[in-house]
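Keep the 3D view open as you read, and take the points in order.

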Amino acid sequence: MHNRPLSPHLTIYRFMYTMALSILHRVTGVWMALGLCALVYWLTSAAAGELEYARATALLGSAAARILLLLWLAAYCYHFVNGLRHLAWDAGLGLERRAARISGRFAVALALLAFLGTAYLLFCPRAGWS
Amino acid sequence: MSLRSPLGVVLGRGSAGEGVAHWWAQRLSALALVPLTVWFLVALVRLPLTDHAAVTIWIASGWNLVWLVLLLGALCWHSRLGVQVVIEDYVHAPALKLAALLLNSAAHAVLVAAGVYALLRIALKGLS
């Protein structure tokens, strides 16, 4: 494992924002894997009965939990849109450098819009959550 | 000279004989999650989430339970496959890598089992 010659690696390439988008897909994916715990906790507490559910919603409605939920929502929005980009690539579409760069900018803009919209709908008009 | 037959090279199944199954599973679960997660998010927006009765009635009514079980299954499957690739790419020590891969599979198995159990418990409570 040690001191072997390595082929050109990350540090040798000029930074492009598409590289950041690529690693962000992984980061958001792993982050959402942790979010599965919160989803399953929500379901099991609902199954456990009214009292346990009230405790869970109080916990999930707390300020710290809201920040986590918002971060999971943001991760979902980006991973969803960029995932569609990946599916298009898998179908052989949009692989050219120019197309990939343009679709990257589109993905970020669309994810941001989707995040702001869903965050507003989920968190703002809800009296029960405050 | 390669000892692999031309047919073996073309099939590209690899040493585990698994071939492209992992790749396909990740893409198919991704495709399934497109409608399922959007449906779930729309439902979350419309539900009064602090109302236990409303939430459990919604889970148990109509086809919701079916979609929720499928959602949970596809989520855990997709998540397990994705985290597996991340571990394979970044964890290099063989023992640690194996341990991480096993832990990943076990954790996702527990999550999907616990989630489906909770859903069934909610749905069947309405029947009794």
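1. Let's start with chain B, whose pattern along the sequence is α-α-α-α-α. That comes to 5 helices and 0 strands, where helices (H or I, at least four residues) and strands (E, at least two) are DSSP runs numbered from the N terminus.

2. A word on what you are viewing: this is a predicted model, in which local features need pLDDT of at least 70, side-chain atom pairs count only at pLDDT 80 or more, and totals for chains, interfaces and linings use all residues. Residues are numbered from 1 along each chain as its sequence is written, while chains are lettered from A and ligands numbered from 1 in the order in which they are written.

3. Chain B has 128 residues, and 19% of them are buried (20 or more other C-beta atoms within 10 Å of the residue's own; 12 or fewer is exposed, in between is partly exposed, and C-beta atoms are placed from the backbone). Taking contacts in chain B (C-beta atoms, placed from the backbone, within 7 Å) between residues at least 6 apart in sequence, 70% join residues at least 24 apart.

4. Now the two chains together: 23 residues of chain A are in contact with 25 residues of chain B. On the chain A side, helix 1, helix 2, helix 3 and helix 4 each supply at least two residues, and helix 1 gives the largest share, 11 residues. By class, this side of chain A has 14 nonpolar, 6 polar and 3 charged residues (Ala, Val, Leu, Ile, Met, Phe, Trp, Tyr, Cys and Pro count as nonpolar, Asp, Glu, Lys and Arg as charged, and the others, Gly among them, as polar).

5. Look next at helix 1 of chain A and helix 4 of chain B, which pack at an angle of about 130 degrees with their axes 10 Å apart (axes are lines fitted to C-alpha atoms, for helices over the stretch in contact, and angles run from 0 to 180 degrees between N-to-C directions). The two helices are therefore oblique to each other (under 35 degrees is roughly parallel, over 145 roughly antiparallel, 65 to 115 roughly perpendicular, and the rest oblique). Among the residues making this contact are Ala33(A) and Leu36(A) from helix 1 of chain A, and Leu75(B) and Ser79(B) from helix 4 of chain B. The contact's residues divide into 7 nonpolar, 3 polar and 1 charged.

6. A second pair is helix 3 of chain A and helix 2 of chain B, whose axes come within 11 Å and cross at roughly 140 degrees. This pair is therefore oblique too. Phe80(A), Gly83(A), Leu87(A) and Asp90(A) meet Arg27(B), Ala30(B) and Thr37(B) here, giving 3 nonpolar, 2 polar and 2 charged residues.

7. Which residues touch the most other members of the largest nonpolar core? In this set of 34 residues, they are Ala46(A), Cys77(A) and Leu75(B) (such a core joins buried Ala, Val, Leu, Ile, Met, Phe, Trp, Tyr and Cys residues through C-beta atoms within 7 Å). Both chains take part: helix 1 (17-48) of chain A and helix 4 (64-90) of chain B are among the helices that each supply at least two residues. Beyond its neighbours within four places in sequence, Leu75(B) is in contact with Leu36(A) and Leu33(B).

8. Finally, find Ala32(B) in helix 2 of chain B. With 17 other C-beta atoms within 10 Å, Ala32(B) is partly exposed. Its C-alpha atom is separated by 13 Å from that of Ser79(B), 47 residues apart along the chain.
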